[in-house]
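Subject: Structure for your files

Hello,

Please find the structure below. My notes on it follow.

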Amino acid sequence: MSRIIEIELDDAGLPPPTPEIEQERKVAIFDLLEDNTFVLPQREDRQVPEGPYKMNLSIRDKRLVFDLLTEADDKAAEFHLSLSPFRQVVKDYFQICESYFDAVKNLPPSQIETIDMARRGIHNEGSRVLQERLEGKAEIDTDTARRLFTLICVLHFGG
C-alpha cells in the first residue's frame, strides 16, 4: 500500500511555535511516519507514480499545498486546497486545545477528560473535512487524516 515515508512542513516565515504546538507537531509527524495510508488514485490522462511518497506541506497564497515526490525524488503530484473550509474548525481546535492545556495544569482529571473528549470531536471534524477536500486527489485513512489535520493546524498557528 502507498504511504508517506518523509514529511516536511514549510514553516518559513512563521513565528516560532509554543512548546505545546511544537509537541503536537512532533507527535503528529512521528505517528504519521509510523503508520499511514496515502494513495494517489490512477488517472486516465496520465501515469501516476506509485508510493511511497515524500511530502512537503505548506501554505502558499492562502492555499494549503501538498507537494509529493517519489522515494527517488521524482515529482509525483502537487495539489492546492482552499483554506476556507478549514478556518472555523482550526479556530475551534485551537480554542479547545488552549482550554485543554490550561485544564491539564489546573483541573481535576474528570474535567480534563471532558475537555479532551470535546477536543477529539473537533479533531475528528477537521480530519473529515480534510478527507472530503482530498477526494479525487488522494485516498487517506482516518488516522492519517487526523495526523495531517494536526500538521495543518501547526501551519495555521503561524499564519
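The accessible surface of the chain comes to about 8,900 Å², and 48% of that area belongs to carbon and sulfur atoms. Areas were computed by the Shrake-Rupley method with a 1.4 Å probe, and for residues only the protein chains shown count as cover. This is a predicted model, in which local features need pLDDT of at least 70 and side-chain atom pairs count only at pLDDT 80 or more, while totals for chains, interfaces and linings use all residues. Residues are numbered from 1 along each chain as its sequence is written, and side-chain values use heavy atoms, leaving out hydrogens and water.

Overall fold

The chain has four helices and six strands, in the order β-α-β-β-β-β-α-α-β-α from the N terminus. Both are DSSP runs numbered from the N terminus: helices are H or I with at least four residues, strands E with at least two. The C-alpha trace spans about 55 × 30 × 25 Å along its principal axes. Of the 159 residues, 42% count as buried (buried is under 20% relative accessible area, exposed over 50%, partly exposed in between; 1.4 Å probe, protein chains only).

Core

The largest nonpolar core has 45 residues, and Phe 38, Leu 40, Leu 64, Phe 66, Leu 68, Phe 79 and Leu 130 have the most contacts inside it. H2 (84–106) supplies the largest share of this core, nine residues. Such a core is a set of buried Ala, Val, Leu, Ile, Met, Phe, Trp, Tyr and Cys residues joined through side-chain atoms within 4.5 Å. Not counting residues up to four places away in sequence, Phe 66 touches Leu 130, Leu 134 and Leu 148, among others; contact means heavy atoms within 4.5 Å.

Around strand S4

Thr 70 lies in S4 (residues 63–70) and is buried, with a relative accessible area of 11%. Beyond four places in sequence, the residues that Thr 70 touches include Pro 49, Pro 52 and Ala 76. Pro 52 is joined to Gly 51 by a cis peptide bond with omega of about 15°, and is found in the loop between S2 (38–39) and S3.

The loop between S3 and S4 holds Asp 61 and Lys 62. Asp 61 is not a glycine but has a positive phi of about 50°; phi of Lys 62 is also positive, near 60°. Asp 61 counts as exposed because its relative accessibility is 74%, and Lys 62 counts as exposed at 66%.

Regards
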